[in-house]
Amino acid sequence: MIRQKPVDVVMIGFGWTAAIMGIELADTGLNILALERGAWRDTSPDFTYPHNADELAYGIRGELFQPLARETVTIRYGVNDTAVPYRQYGSFLLGNNVGGAGIHWNGQHYRPSPEDLVFQSHMAQRYGQKFMPADMQIQDYGVTYDELEPFLEQFEYLCGTSGRAGNLNGEIKEGGNPFEGPRRKEYPNPPVHDNYGASLFANAARSMGYKPFPQPSSNASRPYTNPHGVRLGPCNLCGYCERFGCFMYSKASPQTTILPVLMRKPNFELRTHSHVTKILLDSTGKRATGVTYIDAQGRQVEQPADVVIVSAFQMHNARLMLLSGIGTPYDPVTGKGVIGKNYAYQMMSNVNVFFDKDVAINPFMAAGSGGNVIIDEFNSDHFDHGPHGFVGGGYILGGQTGGRPIQQLLVPPGTPAWGEKWKRAAKDSYLHTTGVQTHGSVMSYRDRYLDLDPTYKDAFGQPLLRITFDWHDNELKMTRFLTDRAQEIANAMKPKQTSQTIRKPGDHYDIRQYQTTHTTGGVIQGVSPETSALNRFQQSWDVHNVFVTGASAFPQNLGYNPTGLIGGLTYMSAKAIRDTYLKHPGPLVQA
Amino acid sequence: MYTRPRRRGGGLLRIIVVLSVLVIIAWVIAMLFPGGGGDATAKAQEVTPDQVKQGEYLARIGDCAACHTAPGGKAFAGGLPIASPIGTIYSTNITPDPDTGIGHYTYGQFERAVRRGIDAQGHTLYPAMPYPSFAKVSDQDVQALYAFFMHGVQPVKQEDRAAGIAWPLSMRWPLTYWRWLFAPKVGPIQSAATGDATAARGQYLVEGLGHCGACHTPRTFTLHEKALGPNDGHAYLSGGESDNWIAPSLRGELASGLGGVSDEELMGLLKNGRTERSAVFGGMTDVVQHSTQYLNDEDLAAIAHFLKSLPPNRQEQALTYDEATHTALASGNASAKGARLYIDNCATCHRTDGHGYGQVFPSLAGNPVLNGENAGSAIRLVLHGGTMPQGRDAPTQFSMPAFRERLNNQQIADILTFVRSSWGNRGEAVSAQDVAHYRDLSPGGQPLMTGYDPRQQGPDTPGPDADDQSAQPVTTK
């Protein structure tokens with residue numbers, strides 16, 4: 001075992017949250033080390049045009065994703081099933097390399113609704129605790145929207161998020177999201193222009209009395225210089241966002257917003273090809289002493305550190321906590337324990353909208369998030385859930401994120417899957433098709449959790465993470481309700497034809513179908529060590545010099561994309577570390 | 001038949017003998033009278049911390065690191081290969097290490113090396129060291145530089161690398177004659193008679209430490225700059241060539257020079273490597289990265305002011321933006337030669353209106369680089385791509401991709417011909433032969449990576465096929 005020189009802060013995984021932590025802590029002068037198991041990647045030379053727009057390489061074969069042959073997860077539906085490995089990418093896409101999933105996201109940049117952060121209290125107060133099914137275990141974050149607002153803003157100004165405020169200091173603004181929490185400042189950039197499909201959706205939604213608004217997007221609508229002096233390019237609507245690196249420097253990522261400054265800090269160091277296997281604890285088990293990792297040469301390395309920031313992807317965070325023995329593993333039988341608790345996902349549905357040839361959608365002109373239009377009437381608790389008998393909701397989106405030939409070519413229902421008729425239908429519908437999509441929440445449940453698989457191991461001999469997850473009735477009800485609303489709007493767009501993709505009662509969770517990479521929970525934050533792994537500052541209740549960032553902290557999944565909230569929570573945690581923890585190392589919240 | 005060659009051979013022998021004698025005389029003269037002036041025993045001033053700091057600033061202006069720090073090497077320890085017409089030479093260790101660096105140099109020896117091109121042994125330096133320019137650096141500034149290199153630089157033990165030049169060209173003494181002929185005398189600094197103190201400061205920096213003329217002034221066949229200052233004629237800074245990059249004119253030509261560039265733009269280029277409409281590339285990238293971004297605003301303003309005072313060497317008409325290209329492209333008319341290729345390869349960043357995006361992707365419309373006679377720099381940029389330097393207030397290093405594998409010579413020629421004649425640009429057509437010349441040259445360096453890309457030293461391999469490699473442990477001894 002090689003022993004490296006101690007550092008002040010070690011970060012495990014170098015994606016969005018580590019980059020934010022790194023830049024926020026760098027000015028303290030502390031020695032900060034980021035360990036990334038993947039390789040260095042940057043706009044140039046890795047994502048340059050036209051190589052970046054190779055759908056087969058990136059979209060299908062997943063060049064930017066974690067190689068599953070070396071490490072994957074196993075999945076089962078229920079606590080009595082045997083899990084099997086996730087061997088091919090389908091349902092969710094694990095990031096890899098510097099920048100992580102922040103490279104291949106779409107750029108949807110939302111804030112949570114104020115009630116999302118105090119969801120259990122809010123729902124119990126409005127509808128009574130009995131409204132929730134007995135096995136639903138939703139919780140509060142321990143943070144309120146007002147406390148988090150400055151940090152949400154900070155992240156938007158880092159990314160150059162493009163959008164239109166709907167609630168400025170309590171004043172509802174025309175054209176924005178009237179349901180959002182109050183924001184102190186307008187978005188740093190105006191919205192990306194609506195794509196044509198989105199504008200048809202907006203007109204239809206408006207005619208039905210809804211309040212459509214441009215999707216907040218970290219695809220910069222114009223060149224933008226962020227507070228670090230880092231400049232982003234303008235989005236050119238090329239349609240290659242999700243699964244792809246951005247060649248225009250316009251999709252916010254650690255590379256396009258932070259790394260040009262952070263990488264030059266003399267007290268910051270990045271080591272790529274460094275695969276962390278464990279967080280080390282002292283003899284009391286109350287203090288982390290560093291980490292062990294396997295370096296590019298395959299050697300075991302011990303890296304002593306005073307503070308450990310677990311900043312890998314949600315699933316990896318949970319697995320590392322379990323492998324390191326930090327916090328009590330969750331037990332679905334007793335409901336006790338916290339690590340692995342409250343794994344949740346997202347519930348999506350689609351209505352594909354086919355027009356005649358007189359409606360030119362031109363789907364190739366699109367961005368991952370910019371240019372699409374949203375209605376938020378049925379998200380969070382923006383409407384009275386009482387009559388509907390489910391918890392949660394989601395937004396409804398109109399428009400499209402691209403017109404890629406393999407994965408985004410839609411044909412009307414009834415078309416054969418191959419052959420001459422398929423070809424003709426593809427040719428006829430390609431330029432004239434858009435979509436309406438619902439993006440819904442998934443609550444947390446007693447029997448939905450993460451633990452270590454008893455059978456399968458990764459390339460280094462460590463047990464894989466096991467996911468136990470399937471749909472609950474609540475989400476199936478929610479998606480039916482939301483999809484019906486989506487279909488009504490789609491019909492009002494006066495299309496030639498529509499088709500629907502929805503998960504129905506009796507459907508199992510299908511890992512072959514891509515929905516989102518918004519997996520959450522496992523190392524959740526909250527108000528009590530009995531029910532959460534982390535306090536409101538994302539600090540481990542058990543080991544005070546361990547902080548765990550990312551969506552692993554979400555107690556349940558909300559109806560929005562997670563990145564905006566992840567960024568806000570990370571900034572809040574970074575400030576607590578910088579201003580308080582470093583001066584007085586110890587628990588930031590007394591249990 | 002047989003006698004003629006013998007007679008000729010006898011004549012040749014005589015010529016050889018005469019030449020040899022002349023060469024030996026020349027050698028003896030060069031050894032006996034190395035000249036150059038200066039006092040090798042001169043003492044340094046009392047060193048103060050301020051002076052060391054000032055010396056560091058001046059070393060930035062002189063861009064000493066550009067040559068004396070090799071990529072990935074220790075600061076000022078030398079070893080950078082520099083291509084010259086007679087072979088590759090390597091920059092020397094100028095850290096204060098007494099054995100392998102210049103730690104044993106007296107102030108006088110240092111002064112003679114910097115301003116007169118003579119090392120401690122009395123050898124003449126290769127004029128890759130711009131001592132003809134540095135001759136115009138003041139005593140006070142040379143003192144500060146000495147203080148910095150003796151007290152502000154970490155000594156590094158690293159032997160100088162021998163030049164890769166074959167005998168007889170490897171002999172140093174003939175350089176003495178070059179120096180006698182072409183290096184100016186070191187004398188008191190002449191202030192401009194105009195009374196414009198800002199221009200005088202700018203001139204001092206541009207002519208002296210900045211050694212801008214080393215690239216931007218044309219050279220004669222004997223490789224000396226045609227002019228070393230504005231008083232030597234309009235050749236001064238009228239455009240040169242360096243390391244196969246075309247260095248544009250810094251005089252007031254309205255199309256291909258700085259005639260249409262404001263003081264503020266010039267300052268922005270030097271400070272950040274980019275402005276609202278343009279960006280530096282090629283050899284200037286390193287100059288901004290290592291030198292000009294560190295200059296204070298006063299000096300930047302002085303440099304801009306001085307350069308803007310230089311009258312044009314060629315009379316040109318000012319460029320005016322012509323909407324016709326944009327109108328045609330926006331209406332779907334790509335019939336102009338190269339227009340379609342431009343749309344497919346260039347327009348997403350540089351746009352159909354040729355304006356690009358401010359501080360991100362440079363404007364092609366009205367860009368002096370595209371309106372000069374020689375399109376070489378643009379050809380190289382299209383072939384091999386480029387990356388902006390890190391600027392003082394601009395940490396993002398935007399890259400232009402390399403098109404050498406995507407476009408053939410004719411296609412690149414067509415694109416550049418289109419770009420050089422659109423939006424009011426008036427550059428001449430580019431031929432496939434022009435492109436072929438630059439395609440065969442080495443692209444040099446790693447122009448597509450940022451300065452902080454760890455792959456320049458590490459095991460990561462760029463490109464989408466790197467995953468397999470990154471997955472496999474790399475064994476190194």
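Predicted model: local features only at pLDDT ≥ 70, side-chain atom pairs only at ≥ 80, totals over all residues.
Let's start with chain A as a whole. Its secondary structure comes to 14 helices and 24 strands. The C-alpha atoms fill a box of roughly 70 × 55 × 50 Å along the principal axes. How does the radius of gyration of chain A agree with that of a compact globule? A compact globule of 591 residues would come out near 25 Å, and chain A has 23 Å, so the two agree. On burial, 59% of the 591 residues of chain A count as buried. Now the contacts. Take those in chain A between residues at least 6 apart in sequence: 76% of them join residues at least 24 apart.

On to the sheets of chain A. One is open, has six strands, and is antiparallel in its pairing. Read across, the order is β8-β17-β18-β19-β16-β22. Which strands stand at the edges? They are β8, residues 213-214, and β22, residues 497-501. Each has a single partner strand, so one side of each has no neighbour in the sheet. For β22(A), look at β16(A), residues 347-354: the two pair in the antiparallel sense over five bridges. Within that pairing, A:N350 stands opposite A:T501. Helix α13(A), residues 473-492, packs on this sheet. The helix touches β16, β18, β19 and β22 of chain A. Its direction makes about 20 degrees with that of β16(A).

Next, another open sheet in chain A. Four strands form it, in the order β5-β4-β21-β20, and the pairing is mixed. Here the edges are β5, residues 84-85, and β20, residues 449-457. Again, each edge strand has a single partner, so one side of each is left without a neighbour in the sheet. How many bridges join β20(A) to β21(A)? Five, and the strands run antiparallel. For a reference point on screen, A:K457 stands opposite A:P463 in β21(A).

Now chain B. First, helix α10(B), residues 263-272. Is this helix mostly covered or mostly open? Mostly covered: seven of its 10 residues are buried. They are B:L266, B:M267, B:G268, B:L269, B:L270, B:K271 and B:N272. Keep the helix geometry in mind. An α-helix has 3.6 residues a turn, so residues three or four places apart point the same way. What covers the buried residues of α10(B) includes α11(B), residues 283-290, and α12(B), residues 297-308. After the helix comes B:G273, with a positive phi near 75 degrees.

Second, a loop residue, B:N93. Where is it found? In the loop between β2(B), residues 87-90, and α4(B), residues 107-116. Why does B:N93 count as buried? Because 26 other C-beta atoms lie within 10 Å, and the cut-off is 20 or more. Leaving out residues up to four places away in sequence, B:N93 touches B:A77, B:G78, B:T100, B:G101, B:V156, B:Q158 and B:D160. As for B:F398, that residue is 305 places from B:N93 along the chain, and their C-alpha atoms are separated by 32 Å.

Last, the domains of chain B. The assignment gives domain 1 as residues 49-163 and domain 2 as residues 324-451. Their C-alpha centres lie 37 Å apart.

That's the tour. Happy to take questions.

Technical notes. Residues numbered from 1 in each chain as written. Chains lettered and ligands numbered in written order. Buried ≥ 20, exposed ≤ 12 C-beta atoms within 10 Å, placed from the backbone. Contact = placed C-beta atoms within 7 Å. Pairing = 2+ DSSP bridges. Rg over C-alpha atoms; globule rule 2.2 N^0.38 Å. Domains from an automatic or database assignment. Axes fitted to C-alpha atoms, helices over the stretch in contact; angles between N-to-C directions.
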